[in-house]
Amino acid sequence: LGLIPHNQREAFINTTGIRYRRIAPAGMTAVDLCERSARHLMDQLMWAPSEIDLLILVTQTPDYTIPNSASIIQHRLGLPHSCIAFDINLGCSGYVYGLSVLASLLQNMPGKKGLLLVGDCSSAIVSPADKATYPLFSDAGSATALEYAEGRQWHFHLQTDGAGYEDIMVRGGAMRHPFSAASLTPHEYAQGEVRSDLQMRLDGVNIFNFALREVTPNITALLSYAQVPQERVSSFVLHQANKLIIDCVRKKLKEPEEKFPTSLYDLGNTSSASIPVTLVSQRSSIATAGSMLLSGFGVGLSWGSVILSLRDTLITELIEV
């Protein structure tokens with residue numbers, strides 16, 4: 001919170017819900033964090049590398065432009081050559097999208113097992129001189145294991161609106177605006193918002209309005225489609241964008257605070273990993289007896305929700321490296 005004057009810090013904490021962040025040390029990437037998470041989970045489940053047939057990595061901060069980072073993790077984990085491995089470039093909706101892709105593929109792979117690795121090192125792509133983004137983001141990686149099960153049914157509702165693609169964006173460094181010396185030059189866009197074209201731009205007002213406009217209808221439409229009464233949902237785990245957005249969605253749904261666990265205060269906005277980070281960090285207080293609804297929203301713009309059950313599911317403890 002060093003960018004924020006002392007007399008404004010309490011207001012920032014009350015609005016965003018963020019007091020502390022977790023930043024990866026120099027040289028550690030989202031691939032490293034996800035690999036560590038995968039090893040820990042495989043140990044807990046007693047899964048051998050040879051048993052895993054599918055690996056999906058969701059990240060916006062890969063190790064390289066080419067090759068894909070999932071192939072690197074496949075090799076580092078010692079997974080078999082028969083293992084399918086690929087990346088998905090998505091941010092805050094990425095965990096729900098990743099679950100959808102992994103579950104759909106496993107549906108056609110009886111007896112198979114898969115890993116969904118989701119994480120970002122957002123601190124590497126935000127400007128320390130940008131008060132709109134820098135105080136928000138943390139670094140995290142996660143691992144989720146799924147196994148084919150006959151008759152298992154999850155319901156998803158995934159949406160996209162590319163008209164808002166500029167609302168969360170790193171403008172330079174890819175094919176549309178290739179890297180040049182000018183890419184490194186910081187520009188002041190407003191007081192306290194200084195960044196280069198290689199650093200993230202976040203339009204907080206547009207994202208706030210987008211979340212309030214789209215997330216609640218997405219959730220209610222999914223509940224209707226799945227024929228799940230809202231009162232049967234024991235927990236709603238939302239992307240941890242900020243406390244104000246989560247509170248607004250909760251109030252629109254007319255639900256109590258205890259059904260909306262958060263990890264913001266201690267861990268910040270962990271981007272694509274925020275839903276699994278919340279599940280593991282708040283596991284002692286999350287009710288898993290009934291249906292659970294997960295909802296992610298952000299860059300793209302993209303958003304989506306899933307209804308599932310975590311009964312008989314292992315949720316490991318949070319680990320820090």
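Strands E10 and E11 run parallel to each other, paired over five bridges. That pairing is a handy way into this predicted model, where a four-stranded open sheet has helices H4 and H5 packed on it.

**Helix H4 and Ser100**
- H4 covers residues 94-107, 14 residues in total, and spans 20 Å from first C-alpha to last, close to the 20 Å expected at 1.5 Å a residue.
- Its buried residues are Gly94, Tyr95, Val96, Tyr97, Gly98, Leu99, Ser100, Leu102 and Leu106.
- Ser100 sits in this helix, and its relative accessibility of 13% makes it count as buried.
- Setting aside neighbours within four places in sequence, Ser100 is in contact with Phe156 and Leu158.

**The nonpolar cores**
- The largest nonpolar core has 35 residues, of which Ile219, Phe236, Val249, Leu293 and Phe297 touch the most other members.
- At least two residues of this core come from each of helix H1 (6-16), helix H5 (204-226), strand E10 (233-238), helix H6 (243-253), strand E11 (291-298) and strand E12 (302-309).
- H5 gives the largest share of this core, with eight residues.
- Another core lies apart from this one; its 27 residues include Tyr95, Trp154, Val306 and Ile315.
- Val249 is in contact with Val215, Thr216, Ile219, Leu238 and Phe260, once its neighbours within four places in sequence are left aside.

**The cysteines**
- How many disulfides does the count come to? With sulfur atoms required to be within 2.5 Å, the count is zero.
- For Cys92, the closest cysteine sulfur is that of Cys121 at 14 Å, which is too far for a bond.
- Cys92 counts as buried because its relative accessibility is 8%.
- For Cys248, the closest cysteine sulfur belongs to Cys92 and is 17 Å away, again too far for a bond.
- Cys248 counts as partly exposed, at 22% relative accessibility.

**Thr316**
- Is Thr316 buried or exposed? Thr316 is buried, with a relative accessible area of 11%, and lies in the segment after E12.
- Leaving out neighbours within four places in sequence, Thr316 is in contact with His40, Leu41, Gln44, Val280 and Arg283.
- Thr316 and Gly114 are 202 residues apart along the chain, and 17 Å separates their C-alpha atoms.

Note on methods
Residues numbered from 1 in each chain as written. Predicted model: local features only at pLDDT ≥ 70, side-chain atom pairs only at ≥ 80, totals over all residues. Heavy atoms only, no water. Expected span 1.5 Å × (residues − 1). Buried < 20%, exposed > 50% of the residue type's maximum accessible area, 1.4 Å probe, protein only. Core = buried A, V, L, I, M, F, W, Y, C linked by side-chain atoms within 4.5 Å. Contact = heavy atoms within 4.5 Å. Pairing = 2+ DSSP bridges. Axes fitted to C-alpha atoms, helices over the stretch in contact; angles between N-to-C directions.
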